[in-house]
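Could you walk me through this model in the viewer, one selection at a time? I would like to know what to click on next and what is there.

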Amino acid sequence: MGRTVRGGAAMTGTDPAVEAAQRAWDDTDGYGFASSRDAMEESARAALAPIRALHTRHECPCGYRIRHDTPDCTGPYCTHCGAFAHWPCDTARLIYSETELTND
């Protein structure tokens, strides 16, 4: 049975970090990683994957890649945060590399 933590959320007994490391390991070819650094990076990517799936760039319906001065333009925005959260949102800045943010 799950424990309750501050705020009333029930704990499931699973550890997201351990699950992410297992997903990263499962994605290898059976030989593991070239180095412990590779293992750590892949585990971090696996841990961030569900959050990254939520926080993605969405283009404004007007079609412009940058915000411009028309009433219906919102510019690119975060699909999770909504049209009023310009891309990149605060969360995206934490979970994407600078290269990923500038190459969108």
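This is a predicted model: local features need pLDDT of at least 70, side-chain atom pairs count only at pLDDT 80 or more; totals for chains, interfaces and linings use all residues.

Keep both residues on screen and compare their surroundings. Cys-78 is buried, with a relative accessible area of 0%, whereas Cys-81 is partly exposed at 40%.

## The sheet

Now switch to a cartoon view and find the strands. An open sheet is built from 3 strands in the order β1-β2-β3, with antiparallel pairing. β1 (57–58) and β3 (82–86) stand at the edges with a single partner strand each, so one side of each has no neighbour in the sheet.

Zoom in on β1 and β2, the latter covering residues 77–78; they pair in the antiparallel sense over 2 bridges. Select Arg-57 and look across to β2: the bridge partner there is Cys-78, the buried cysteine from the opening stop.

Stay on Arg-57 and show side chains. Arg-57 meets Glu-59 in a salt bridge, 2.6 Å from N to O. Both ends are partly exposed, Arg-57 at 23% relative accessibility and Glu-59 with a relative accessible area of 26%.

## The nonpolar core

Next, select Cys-78, Trp-87, Cys-89, Ala-92, Ile-95, Tyr-96 and Leu-101 together. These 7 residues make up the largest nonpolar core. Click on Ala-92 within this group: setting aside neighbours within four places in sequence, Ala-92 is in contact with Trp-87 and Leu-101.

How many aromatic pairs are there? The count comes to 1. Select Trp-87 and Tyr-96 to see it: the ring centres are 5.9 Å apart and the planes stand at 65 degrees, so the pair is edge-to-face. Trp-87 is buried, with a relative accessible area of 10%, and Tyr-96 also counts as buried, at 15% relative accessibility.

## Salt bridges on helix α2

The structure holds 3 salt bridges, and you have already visited the one between Glu-59 and Arg-57. For another, go to helix α2 (residues 36–54) and select Glu-42 and Arg-45, which both lie in this helix, 3 residues apart, or about one turn. Their closest N and O atoms are 3.0 Å apart, forming a salt bridge. Arg-45 counts as partly exposed at 46% relative accessibility, and Glu-42 is partly exposed too, with a relative accessible area of 34%.

Where does the salt bridge of Arg-52 lead? Select Arg-52 together with Glu-100: their side chains meet in a salt bridge, 2.6 Å from N to O. This pair links distant parts of the chain, with Arg-52 in helix α2 and Glu-100 in helix α4 (residues 98–102), 48 residues apart. Glu-100 counts as partly exposed at 29% relative accessibility, and Arg-52 is partly exposed, with a relative accessible area of 23%.

## One last view

Methods: Residues are numbered from 1 along each chain as its sequence is written. Side-chain values use heavy atoms; hydrogens and water are left out. Two strands pair if DSSP finds at least two bridges between them. Helices (H or I, at least four residues) and strands (E, at least two) are DSSP runs, numbered from the N terminus. A nonpolar core is a set of buried Ala, Val, Leu, Ile, Met, Phe, Trp, Tyr and Cys residues joined through side-chain atoms within 4.5 Å. Buried means under 20% relative accessible area, exposed over 50%, partly exposed in between (1.4 Å probe, protein chains only). Contact means heavy atoms within 4.5 Å. A salt bridge is a side-chain nitrogen of Lys or Arg within 4 Å of a carboxyl oxygen of Asp or Glu. Rings of Phe, Tyr and Trp (its six-membered ring) pair if their centres lie within 6.5 Å; planes under 30 degrees apart count as stacked, over 60 as edge-to-face and the rest as tilted.
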